[in-house]
Amino acid sequence: MKKTDLDIDRSAREVVATLQSAGFESYIVGGAIRDLLLGRTPKDFDVATAATPEEVRTLFGRRSCRIIGKRFRLAHVFRGEQLFEVSTFRRAPAHTGAAERPGALRGAPNDRLIVSDNDFGTAPEDAFRRDFTVNALFYDPIGEKLVDYTGHGIADIEKKIVRSIGDPALRFAEDPVRMLRALKLVAQYDFELDNATENALFSNLKLLSCAAPSRLSLELEKILLSSYGDRHLEVFYDYGLLKYLLPRLSRQWGTPERERALALLFERNCRVEERRYRNSISLAAALLTLPFAEKRLTDKGGGLYPATSDAAVIGEELVALFSPLNLIARLKDSALRILTLLPKLFASKGNGREWMRHRAYAHAREAAIIVAVVAGENPEAAARRWLPVEEPLPRVKRKRPPRKRRSSGEKR
């Protein structure tokens with residue numbers, strides 16, 4: 001236990017203080033502590049506690065707390081517009097044969113796969129059931145104490161090493177998605193895998209075929225939402241993981257289309273980091289798909305997006321690139337709207353004014369700017385080509401339709 005003063009969000013500190021005041025051991029845990037020790041700003045603050053989800057809800061009230069999850073139940077605590085994930089200390093589940101485990105599939109290729117992970121435990125047990133040492137640090141913001149139960153977390157953060165907790169081959173067999181998360185640390189923080197973790201990863205990549213597509217889809221959406229998505233995809237390819245996540249992109253890795261797709265995604269990520277535009281998964285998905293759709297529509301590609309488009313063809317390319325994973329329908333539809341509006345913006349002679357009421361205009365305008373910049377245009381000049389969405393538009397007066405009244409003889 002080490003005395004440390006970390007810059008914890010005030011509302012997160014209040015959540016921990018409330019739990020501790022009620023007698024429940026509680027800490028800020030995981031990625032937030034790793035980020036703070038690396039001098040980065042955490043995107044969120046997760047809390048681990050001895051309180052059960054029901055006890056957390058009782059303490060904070062039903063209006064400020066709700067319980068979510070089936071396989072892994074936890075509480076969401078609301079403080080104004082902020083949401084804090086509060087999980088109960090867990091312990092590692094006991095391993096049983098595939099045929100003995102509830103919900104397991106007989107004959108499954110991986111009989112170590114965890115299908116139930118909801119056994120409550122203590123703080124040390126919770127730390128040792130986590131994936132990597134850099135993610136297993138616990139911090140008490142009230143007592144300002146940093147707890148490293150594994151004994152390696154602080155040192156591994158300083159040395160930028162990704163080390164599996166326990167036998168890495170077993171941990172990857174328990175949950176193959178851990179391999180993807182290990183490489184996300186490599187990509188985002190410029191970490192390196194320790195020898196045992198790296199060897200186990202290479203030996204177990206095929207187990208990713210056992211992972212639920214819904215979980216892989218969720219991880220992909222997180223990658224697209226991050227500002228390191230291009231770097232993630234490069235690292236995945238280097239380690240041989242990309243063919244299990246996005247097989248078509250992996251097969252196209254040596255093509256100009258792949259190079260341009262990552263260039264577009266990189267420019268988008270830079271603009272997000274510079275706060276030039278808000279984050280958007282659908283915009284990232286559209287930009288990644290764009291060069292492949294352009295190649296099919298023009299038979300050459302490499303220039304600005306063609307002046308005409310075919311929504312059916314673009315939709316096919318969008319689905320093919322992300323297959324066998326499934327982007328949720330809302331994101332897929334939004335990406336398709338961006339890609340079909342984009343050529344119309346390039347063909348527009350009125351700074352895009354005629355398309356400003358289109359629901360995809362803001363994202364499509366940003367995509368057009370990114371395409372122009374990657375093609376060599378000055379960012380400021382590219383931004384001036386299309387009117388910004390902030391420009392006020394004349395208000396359209398709409399008449400309220402008359403209400404249909406029920407006659408006295410109609411049945412209710």
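Mentor: The term denotes a side-chain nitrogen of Lys or Arg within 4 Å of a carboxyl oxygen of Asp or Glu. This is a predicted model, where local features need pLDDT of at least 70, side-chain atom pairs count only at pLDDT 80 or more, and totals for chains, interfaces and linings use all residues. Residues are numbered from 1 along each chain as its sequence is written, and side-chain values use heavy atoms, with hydrogens and water left out.

Trainee: How many residues apart are arginine 271 and glutamate 366?

Mentor: Arginine 271 belongs to helix α13 (residues 256-273) and glutamate 366 to helix α17. Helices here are DSSP runs (H or I, at least four residues), numbered from the N terminus. The pair thus links distant parts of the chain, and the separation is 95 residues.

Trainee: Is aspartate 175 buried or exposed?

Mentor: Buried means under 20% relative accessible area, exposed over 50%, and partly exposed in between (1.4 Å probe, protein chains only). Aspartate 175 has a relative accessible area of 9%, so the residue is buried.

Trainee: Which residue meets aspartate 175 in a salt bridge?

Mentor: The partner lies in helix α9 (residues 213-225), whereas aspartate 175 is in the loop between α6 (168-174) and α7 (177-189), so the pair ties together parts 40 residues apart in sequence. The N to O distance is 2.8 Å, and the partner is arginine 215.

Methods. Helix = DSSP H or I, 4+ residues; strand = E, 2+ residues; numbered from the N terminus.
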